[in-house]
Amino acid sequence: MSLVRLNIKGISYSQTQNGAYALILSEVGGERKLPIVIGAFEAQSIAIALEKEIKPPRPLTHDLFKNFSDRFSIVVKQVIVHKLVDGVFYSSIICERDAIEEIIDARTSDAIALALRFDAPIFTYKAILDKAGIFLKTPSKNSDKKSSQQEDAVIEELILGEDKESNPSSGKKYGKFTLKELNTMLDQAVANEDYETAANIRDEISKRE
């Protein structure tokens with residue numbers, strides 16, 4: 001299968017749901033874009049890596065991995081988004097140490113955050129881009145704004161769908177519960193230290209208040 005190189009176009013965020021983001025990848029030499037829903041932490045880490053001048057006072061997790069790899073002479077050669085199943089993207093990090101190549105499975109958001117820090121290229125297979133890529137024609141300058149609005153609408157719909165990569169349980173719907181029930185569930189989630197579920201419930205409560 002043929003590989004297609006991808007560039008990072010940017011990070012889009014939901015206009016209606018806090019903490020929901022999509023990483024937008026674009027094919028090199030083409031017009032298709034590959035949107036991937038990611039979590040807030042990963043979005044922050046990627047944004048910091050894109051903004052070269054931003055230096056966190058203490059290393060983030062991906063920075064720590066980079067520092068660890070540098071210390072032990074491990075180099076990330078490339079990242080490949082190699083599989084798409086039920087809306088979930090799977091990626092591989094191709095590493096090298098002492099001329100020995102290793103392939104490591106990773107979440108796509110983590111893999112891309114590391115690719116940025118290693119200046120490593122990002123690829124996907126043509127079949128994945130054919131299946132999940134967004135292709136919008138912009139035949140004239142007058143249509144640019146309309147096409148941009150269409151693209152934003154598609155990305156917004158994607159973000160508001162199930163965020164299966166960053167939180168497999170986030171597809172659970174809380175709309176059927178009352179505010180009293182949601183607050184009880186929130187207290188229980190916090191007591192169980194299930195902070196991801198607590199964040200999702202908190203988002204639902206915030207939308208109603």
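The entries below go from the sheet to the helices and then to single residues.

**Entry 1: ground rules.** I noted that this is a predicted model, in which local features need pLDDT of at least 70 and side-chain atom pairs count only at pLDDT 80 or more, while totals for chains, interfaces and linings use all residues. Residues are numbered from 1 along each chain as its sequence is written, and side-chain values use heavy atoms, with hydrogens and water left out.

**Entry 2: the sheet.** I looked up the strand order and found an open sheet of seven strands, β3-β2-β1-β7-β4-β5-β6, with mixed pairing. Strands here are DSSP runs of E with at least two residues, helices are runs of H or I with at least four, and both are numbered from the N terminus; two strands pair if DSSP finds at least two bridges between them. At the edges I found β3 (33–38) and β6 (100–107), each of which pairs on one side only. From one strand to the next the twist averages 35°.

**Entry 3: pairs within the sheet.** I then went through some of the pairings. β1 and β2 run in the antiparallel sense over seven bridges, and Asn7 stands opposite Ser26 in β2. β2 and β3 are also antiparallel, over six bridges, with Leu25 opposite Leu34 in β3. These two strands, β2 and β3, form a hairpin with five residues between them, and Gly29 in the turn has a positive phi of about 80°. Strand β4 (residues 75–85) and strand β7 (residues 122–125), by contrast, pair in the parallel sense over three bridges, and there I found Val81 opposite Thr124 in β7. I also checked the cover of strand β2 (residues 21–27): six of its seven residues are buried, where buried means under 20% relative accessible area, exposed means over 50%, and partly exposed is in between (1.4 Å probe, protein chains only).

**Entry 4: Val4.** Val4 has a relative accessible area of 13%, so it counts as buried. Leaving aside residues up to four places away in sequence, Val4 touches Glu27, Ile122, Phe123, Thr124, Lys126 and Leu129; contact means heavy atoms within 4.5 Å.

**Entry 5: α1 against α3.** Helix α1 (residues 40–50) and helix α3 (residues 108–118) pack at an angle of about 15°, with their axes 9 Å apart. The axes are lines fitted to C-alpha atoms, for helices over the stretch in contact, and angles run from 0 to 180 degrees between N-to-C directions. α1 is therefore roughly parallel to α3, given that angles under 35 degrees count as roughly parallel, over 145 as roughly antiparallel, 65 to 115 as roughly perpendicular and the rest as oblique. On the α1 side I listed Glu42, Ser45, Ile46, Ala49 and Leu50, which meet Ser109, Asp110, Ile112, Ala113, Leu116 and Arg117 in α3. By class, the residues of this contact divide into six nonpolar, two polar and three charged; Ala, Val, Leu, Ile, Met, Phe, Trp, Tyr, Cys and Pro count as nonpolar, Asp, Glu, Lys and Arg as charged, and the others, Gly among them, as polar.

**Entry 6: α2 against α3.** The axes of helix α2 (residues 61–71) and α3 come within 10 Å and cross at roughly 55°, which means that α2 is oblique to α3. The contact is made by His62, Asp63, Phe65, Lys66, Ser69 and Asp70 of α2 and by Asp110, Ala113, Leu114, Arg117 and Phe118 of α3. I counted the classes here too, and this contact has four nonpolar, two polar and five charged residues.

**Entry 7: cover of α3.** How many of the residues of α3 are buried? I found that eleven of its eleven residues are, including Thr108, Leu114 and Phe118.

**Entry 8: positive phi values.** Most residues other than glycine have a negative phi, and I therefore noted the exceptions I came across. Asp119, which follows α3, has a positive phi near 55°. Asp98, in the loop between β5 (88–97) and β6, has phi near 55° and counts as exposed at 58% relative accessibility. Ala99 is found in the loop between β5 and β6, with a positive phi of about 65°, and counts as exposed at 71% relative accessibility.
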